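Subject: The structure for you to look at

Hi,

Here is the structure I promised to pass on. Please open it alongside this email and follow along as you read.

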Amino acid sequence: MTDTATTTTTSLNKFEKFKAEKDGLAVKGEIEKFAALGWEAMDETDRDHRLKWVGVFFRPVTPGKFMMRMRLPNGILTSSQMRALAGVVQRYGDDGNADITTRQNIQLRGIRIEDLPDIFNRFHAVGLTSVQSGMDNIRNITGDPVAGLDADELYDTREVVQQIQDMLTNKGEGNPEFSNLPRKFNIAIAGGRDNSVHAEINDLAFVPAFEEGTGEESSQSPIFGFNVLVGGFFSAKRCEAAIPLNAWVSPEDVVAVCRAVLEVYRDHGLRANRQKSRLMWLIDEWGLEKFRQEVENRLGKSLLPAAPKDEIDWEKRDHIGVYKQKQPGLNYVGLHIPVGRLYAEDMFEIARLAEVYGSGEIRFTVEQNIIIPNIPDSRLATFLTEPLLERFSIDPGLLTRSLVSCTGSQFCNFALIETKNRALGIIKALEAELILTANVRIHWTGCPNSCGQPQVADIGLMGTKTRKNGKAVEGVDIYMGGKVGKDAHLGACVIKGIPCEDLQPILQNLLIEHFGAKPKQEALVTHWSVDHN
Ligand code: SRM
Ligand code: SF4
């Protein structure tokens, strides 16, 4: 550790203290012991905090039933892996389910501590890891969901995302080099033109950009690489879009640049106040130039300046529906999973469909949906008649299609409101009332931590407590103006403290006034009068 870190030891917060006492990764060797002890007899810091270093989250809302957060680089898994995950969830009956997350990942619920040794063995057998997926670690690394499938892609992100994960987690076994960051850290790599990973809301992001070449190279055609963005994050106190580092890196240097940035953050990131520990706070303190210089020092070479423009010039796609792949005769199909919630039987069925019709591969998107790739033209029509597609539609309603929701009070103790069920209920009611002409991206998040990313939405709903008739009730602050894809920027809070029970008509008005929706009743009247004129 550096001088900066040691001089702050007197002001260490409680998280820094317990990390200094015992590294979070140490619990990896104690799983058998915890299983034998049971959750009630365990040391509380191990149970409530350190277990997150192996992806196991104590849930105060459902004590004894833990959540497990996996790592799925680029959001890709195999049918055998999906079956292994389904098998874990299945043993917990009504308590067991899974959620696709806003980082192209999956979380399992209902987990009992006594089963952890067996669960880790099962994961190991199919090449799955949950290591370092929570607390002060690097989260699941996101990549283009149609990498390797899309004829228009600029770069297939799969391999580099896997390489970064392997470097950061020691191939999924756990890496003590990066197990004590000042705070969480998010990395994303965009490979297409539509910014499918929300690059701007990551601590470190790589976006496609062509370098014109210098010196002898200048006569050559432009060279592909990435412009680097740093410091994007959401927190209850502050939300920032990532800013350009003024660096262009070739694909071969991406892993080394990730390592360099993380070493700088690990050794110099601010640790006294957890509300001010994300990377952007360090960049603020140092200034971008000094930060860039320190990254170069760690990298051991100079960074090239950023390419003048990046290649993000498409609107964001949602991948729901049937699409031709770049491989002739093959298709990928995006299925809409309402608010990302899956049960064991769904997961087994998705694994079966991926095997029977595709190549066994399954992908997740940051919109909490799935993609099944590699379905031949000859099998497509039959695939589309599968009963599962009645629930996991390829053509959902225009509000349902883009709905995203965080976990909310069902399982999350930070939540100020229930989210997933309420989100589905309100969307259904709105679709019954309105005729829409385009999809509207509505994101729900249960508290200001913003896991459901309301700031990237057309309409973002952030849980809050408000008052109605003198009583405290669940409410939302409404965000608008989030733009994704090209020219992405964050939305802002436009209305505060709406009781959830009063929300539907307000949303209805917003959809009519800002998104061209029409009430079904009125449309019928207009249609009638046009016909009779
Ligand atoms: Fe998150 C903490 C769920 C994406 C910002 N997040 C939590 C915890 C672990 C809190 C807890 O212990 O209960 C939530 C677990 C609830 C549960 O039981 O599921 C939780 N976050 C989620 C997920 C599952 C939301 C979802 O339904 O998809 C997402 C998991 C992603 C993954 O696979 O790793 C999730 N969280 C995000 C995102 C979105 C993103 O990464 O694009 C953000 C905002 C972006 C960012 O981090 O900059 C986000 N989560 C937070 C924060 C605020 C961080 C901060 O700097 O203050 C917290 C609280 C914290 O870390 O102290 C938090
Ligand atoms: Fe929990 Fe709040 Fe994150 Fe939703 S936004 S999952 S309620 S921490």
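Predicted model: local features only at pLDDT ≥ 70, side-chain atom pairs only at ≥ 80, totals over all residues.

**Domains**

The protein is divided into four parts: domain 1 (4–125), domain 2 (158–190 + 197–299), domain 3 (321–396) and domain 4 (401–519). I took a look at how domain 3 and domain 4 meet. Their C-alpha centres lie 27 Å apart, and 11 residues of domain 3 are in contact with nine residues of domain 4. The size of an interface is often given as the accessible area lost when the parts come together. For domain 3 and domain 4 the buried area is about 920 Å², with 48% of it on carbon and sulfur atoms. What holds across this interface in terms of charged and polar pairs? The rule finds zero salt bridges between domain 3 and domain 4, whereas three residue pairs are in polar contact there.

**The iron atom**

Which residue is the protein donor of the iron atom of ligand 1? The only one is Cys451, through its SG atom at 2.3 Å. To find Cys451 in the viewer, go to the loop between β19 (442–445) and β20 (459–468).

**Salt bridges**

Over the whole structure, the search finds 51 salt bridges. Here are some of them:

- Glu361 and Arg363 meet through their side chains, at 2.6 Å from N to O. Both ends are buried: Glu361 has a relative accessible area of 17%, and Arg363 is at 0%.
- A network of salt bridges with shared partners joins Lys22, Glu30, Lys33, Asp43, Asp46 and Arg50.
- Asp156 pairs with Arg158, the closest N and O atoms being 2.7 Å apart. Asp156 counts as partly exposed because its relative accessibility is 26%, and Arg158 is also partly exposed, at 31%.
- Glu311 pairs with Lys309, with 3.2 Å between the closest N and O atoms. Glu311 is buried, with a relative accessible area of 8%.

**Two asparagines with positive phi**

Asn74 is not a glycine, yet its phi is positive, at about 65 degrees. Asn74 sits in the loop between β2 (66–69) and β3 (76–78). Is Asn74 buried or exposed? At 1% relative accessibility, Asn74 counts as buried, the cut-off for that being under 20%.

Asn246 also has a positive phi, near 55 degrees. Asn246 is found in strand β11 (residues 243–249), and with 36% relative accessibility Asn246 counts as partly exposed.

Gly110 belongs to strand β5 (residues 106–111) and is buried, at 4% relative accessibility. Which residues is Gly110 in contact with, leaving aside its neighbours within four places in sequence? They are Lys65, Phe66, Tyr92 and Asp95.

His319 lies in the loop between α10 (288–299) and β12 (321–324). His319 is buried too, because its relative accessible area is 3%. Beyond its neighbours within four places in sequence, His319 is in contact with Pro145, Val146, Asp194, Tyr332, Gly334 and Ile371.

Best wishes

Definitions and conventions. Residues numbered from 1 in each chain as written. Chains lettered and ligands numbered in written order. Heavy atoms only, no water. Helix = DSSP H or I, 4+ residues; strand = E, 2+ residues; numbered from the N terminus. Buried < 20%, exposed > 50% of the residue type's maximum accessible area, 1.4 Å probe, protein only. Donors = N, O, S within 2.8 Å, 3.2 Å for Na, K, Ca; no water. Domains from an automatic or database assignment. Contact = heavy atoms within 4.5 Å. Buried area = accessible area lost by both parts, 1.4 Å probe. Salt bridge = Lys/Arg side-chain N within 4 Å of Asp/Glu carboxyl O. Polar contact = N/O pair within 3.5 Å; in protein donor to acceptor, adjacent residues only side chain to side chain.
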